[in-house]
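Please open the model in your viewer and keep the selection tool at hand.

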Amino acid sequence: MTPVPRLVVAAPSSGSGKTTVATGLMAAFAARGLAVSPHKVGPDYIDPGYHALATGRVGRNLDAYLCGPELIAPLFLHGARGCDLAVVEGVMGLYDGAAGQGELASTAHVAKLLRAPVVLVVDASSQSRSVAALVHGFASWDPEVRVGGVILNKVASDRHEALLREALDASGVPVLGVLRRVPRLDTPSRHLGLVPVAERRAAAVDAVAAMAAQVSAGCDLDALTALARSAGAVPGAAWDPVSAPPAPHGARPAGERGPVVAVAGGRAFTFSYAEHAELLAAAGAEVVAFDPLRDEELPEGTAGLVVGGGFPEVYAAELSANEPLRGAVAGLALSGAPVAAECAGLLYLCRELDGRPMCGVLDAGARMGERLTLGYRDAVAVGDSVLAAAGTRTRGHEFHRTVVEPGSGAAPAWGLTTPVRRVEGFVQRGVHASYLHTHWAARPGVARRFVERCRTS
C-alpha cells in the first residue's frame with residue numbers, strides 16, 4: 001500500500017477544458033519544484049506528449065479496457081515512482097466509458113481503482129445557478145467517486161464568478177479555481193485531435209507555459225495540493241517490466257549486446273506506449289530509436305523492427321522520398337526478421353500511401369478516407385505470428401481516418417469480434433501489420449515472443 005498524492009481531472013463532457021487544466025496543473029506544480037507524474041485515462045497518445053513537456057517525465061496511459069482493471073493501480077505506481085504528486089487527466093465525460101460496458105474504462109472507474117479525489121472542470125460559459133445542479137448531480141451519482149472540488153472554466157466576468165460561487169455554496173463542493181475566458185491557446189488540431197508535440201515543439205512549449213500561467217493565476221494550488229494529499233494509499237505493488245516478461249535466457253550479462261530492435265519515432269510516428277520499449281528491453285533487446293523522415297539506414301545490427309502509430313499521411317511525401325530507408329525496411333521484412341507494425345506502421349509497409357510509394361512490403365494500397373474509425377475492439381489471433389500464437393485473445397483500439405485496400409491478407413492478423421465480426425491485418429513471413437493498437441503490458445508475453453524471434457530469425 002503506497003501513498004502517492006494524486007488528483008484526477010475530469011469534466012461533465014469533452015470540450016470542457018480538461019487538457020488545459022490538467023496540463024497547466026502539471027506544469028504549475030512542477031514549477032514549484034515538485035516531481036509530478038503525468039497520466040492520461042484511455043488510449044490517447046497525443047495528450048501524454050503535452051503532459052511530458054509539462055513535467056519532464058514520460059506521460060503514461062491508464063486504460064482499464066486495454067489492460068484490465070487489475071493493472072491500473074500497478075501501472076500508476078510504476079509511473080509515479082519517486083514522484084511527489086500525480087495528476088491524471090480523464091477522458092470524455094466523467095462517467096463515459098467503453099460503449100455498452102457500463103463504467104469500464106471511464107474516468108470514474110479509474111478514479112475508484114486509484115482511490116483518487118476528482119477535480120471537476122466545468123464549462124460555465126452559458127450558465128449561472130444551474131451550475132450547482134450540474135455539480136451536485138455529478139458529485140452524487142456514484143457515492144464511491146469523491147468529487148473533491150470544482151474548477152470553473154470560461155467564466156466571463158467578476159459578476160459571473162460571483163453568481164457561480166453563490167450557487168455552489170450549498171453544493172458542498174468547494175470551488176478550487178476560476179479560469180476566465182481567454183483567446184484559444186495555441187494548441188492546433190487536425191483529423192485525429194491535437195497536433196503532437198514532436199511536430200511543433202517550440203510552439204508546444206509556449207502553449208504549455210500559457211496553460212501553466214492561466215492555471216497558476218486562477219487556481220488555488222495549495223488547496224489542490226492538500227486535496228491530492230488527502231488520497232489514501234494505492235492498493236497493490238508497482239508494475240515491473242523486468243518481472244512481467246521473464247526472459248528465457250535470463251538477464252543479459254553486462255556488456256553483452258542483445259538483439260537490436262529498431263523502434264520508429266520522429267514526427268511521423270509519435271504514437272507509442274512507454275511500456276512497450278520497457279518490456280522489449282526487459283526481455284533482453286537493445287532498443288534503438290530511429291526517425292524514418294531523417295535516417296537513411298536502419299540502426300546497425302537491426303534484428304527486429306517496431307513501427308507504431310502516428311501520422312504518415314501528413315508526411316507521405318517525405319517518407320516516400322527516403323528511398324534508401326524504404327529499401328532497407330523492405331529488405332529486412334523479406335529476410336523474415338520480425339516486424340511489428342500498428343496503424344501508421346501498417347500504412348508505411350503498404351505499396352503506396354495516397355499515391356506515393358511506401359515500403360512495398362504488403363501488396364495493399366492506403367489512402368485518406370472520409371470517415372473516422374474509432375473504438376475499442378476485442379480480437380483473436382487468426383494464426384501464429386511474431387506477436388501471438390493462434391487463438392490468443394487480446395483487446396485493442398482503432399483510431400484512424402485512412403483506408404487500406406485490401407483490409408487483410410491471405411493470412412490476417414486478427415479476427416475482430418466487436419463491434420462487428422471481421423478479419424483485418426496481415427501476417428507474412430515475420431511481419432505482423434494491423435490497424436489495431438494494443439497495450440503490451442496486458443500481454444507481456446508479446447514482447448518476450450518478439451525478442452525471441454529476433455534472436456532466432
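A crossing is left-handed if the near helix is turned anticlockwise from the far one by less than a right angle, and right-handed if clockwise. This is a predicted model, in which local features need pLDDT of at least 70 and side-chain atom pairs count only at pLDDT 80 or more, while totals for chains, interfaces and linings use all residues. Residues are numbered from 1 along each chain as its sequence is written, and side-chain values use heavy atoms, with hydrogens and water left out.

**First selection: residues 47-55 and 201-218**

These ranges are helices α2 and α7; helices (H or I, at least four residues) and strands (E, at least two) are DSSP runs, numbered from the N terminus. α2 passes α7 in a right-handed crossing. The two helices pack with axes 10 Å apart and at an angle of about 70 degrees, which makes α2 roughly perpendicular to α7. Axes are lines fitted to C-alpha atoms, for helices over the stretch in contact, and angles run from 0 to 180 degrees between N-to-C directions. Angles under 35 degrees count as roughly parallel, over 145 as roughly antiparallel, 65 to 115 as roughly perpendicular and the rest as oblique.

Next, display the side chains. Y50, L53 and A54 of α2 meet R201, A204, V205 and V208 of α7 (contact means heavy atoms within 4.5 Å). The residues of this contact comprise six nonpolar, no polar and one charged. Ala, Val, Leu, Ile, Met, Phe, Trp, Tyr, Cys and Pro count as nonpolar, Asp, Glu, Lys and Arg as charged, and the others, Gly among them, as polar.

From α1, L25, A28 and F29 meet L221, L224 and T225 of α8. By class, this contact has five nonpolar, one polar and no charged residues.

Seven of the eight residues of helix α4 are buried, so α4 is largely enclosed by the rest of the structure. Buried means under 20% relative accessible area, exposed over 50%, partly exposed in between (1.4 Å probe, protein chains only). The buried residues are T107, A108, H109, V110, A111, K112 and L114. R115 follows α4 and has a positive phi, near 50 degrees.

How many disulfides does the structure hold? It holds zero, a disulfide being a pair of cysteine sulfur atoms within 2.5 Å. The sulfur of C83 lies 19 Å from the closest cysteine sulfur, in C67, too far for a bond. C83 is buried, at 14% relative accessible area. For C359, the closest cysteine sulfur is in C350, at 9.6 Å, again too far for a bond; C359 is buried at 8% relative accessibility.
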